[in-house]
Amino acid sequence: MLKLHVIGSGSKGNAALIEDAATGNVLAVDCGLCARDYLAGLSAAGVDPAQISGLLITHEHTDHTKGLGVVLRALRKKGAQVPVYVDEPAARNSRDVMALVGDFSFRQLEQGKRQNINGIDVLPFATSHDAASSCGFRFEATGDALGYLTDSGIVTPQAHDALQQVRILALESNHDPEMLRVGPYPYPLKRRVGDTNGHLSNQQAADELRELMWSGLEQVVAMHISQNNNTYDLPEAVLREALGDHAAHVQSAHQSRMISVC
């Protein structure tokens, strides 16, 4: 069975871990936290750095990459040489990535192309975000499946197809449209967040959840929740309503508190 550990999720920094409980293999997703918080998250999740066989980058925005250098160096000090998987446009447009070329191992991600990383099958799929390149992931191992989608203004057809029949669904539920409308952001930022290349709202996430419901869906995690235009309770309520009588468990990922889902 796969496990999801979200160390931090939000505009101040993002990092998560996908663990194959059968083998102990772990894939990391994004690295927007400081080394202290990242290592504390590993410890809280019960993950040894040696278990991490790859670190996958969704896109080049700094809340997903700014901790890359300090974390990779901290992991190396603990004996873990972790390769970074990133697609070429995101790598070229990330100062955090380019600063580490030649010092750490980088491997190619290609949207729509499956690859197996130490027993975990990974399918990167296109998202819709104002980045040079952005993607989410479908993870499969030992007959289990987990979907991971954040930082997308819409659910792309590729994302919708890739998220079918997952047991664990990590789905962006960034903002409440009314809170965004009346909130403190300047108008250009409000427009960016709500745009088709911005972030999914609670209602958009709920609409997609209704489309993705199936008998094997057990866990739903609301991701990348805005601390200015949402609450941690509101996405849970909206997503639970969308589930109706379906018994899947819903919870919110937090910016500064790790959650684990299995």
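Which side chains does a polar contact of 2.6 Å join? Let's start there, keeping in mind that this is a predicted model.

## Aspartate 121

The side chains in question belong to aspartate 121 and arginine 114. You'll find aspartate 121 in strand β8, which covers residues 120-126. Is aspartate 121 buried or exposed? Its relative accessibility is 18%, and buried means under 20%, so aspartate 121 counts as buried.

Now look at what surrounds it. If you skip the neighbours within four places in sequence, aspartate 121 is in contact with Arg114, Gln115, Asn116, Arg138, Phe139 and Glu140.

## Two helices side by side

Next, find helix α8 (residues 202-212) and helix α9 (residues 233-243): their axes come within 9 Å and cross at roughly 30°. Angles under 35 degrees count as roughly parallel, so that's what α8 is to α9. The crossing of α8 past α9 is right-handed.

Who makes the contact? On the α8 side, Asn202, Ala205, Ala206, Leu209 and Arg210 take part, and on the α9 side, Leu234, Pro235, Val238, Leu239, Ala242 and Leu243 do. Sort these contact residues by type and you get nine nonpolar, one polar and one charged.

## The buried side of α9

Which residues of α9 are buried? They are Pro235, Glu236, Val238, Leu239, Ala242 and Leu243. The cover over these buried residues includes α8, along with β12 (219-223) and β13 (249-252).

Just past the end of α9, check out glycine 244, which takes a positive phi of about 60°.

How values were computed: Residues numbered from 1 in each chain as written. Predicted model: local features only at pLDDT ≥ 70, side-chain atom pairs only at ≥ 80, totals over all residues. Heavy atoms only, no water. Axes fitted to C-alpha atoms, helices over the stretch in contact; angles between N-to-C directions. Helix = DSSP H or I, 4+ residues; strand = E, 2+ residues; numbered from the N terminus. Parallel < 35°, antiparallel > 145°, perpendicular 65-115°, else oblique. Left-handed = near helix turned anticlockwise from the far one by under 90°. Contact = heavy atoms within 4.5 Å. Nonpolar A, V, L, I, M, F, W, Y, C, P; charged D, E, K, R; others polar. Buried < 20%, exposed > 50% of the residue type's maximum accessible area, 1.4 Å probe, protein only. Polar contact = N/O pair within 3.5 Å; in protein donor to acceptor, adjacent residues only side chain to side chain.
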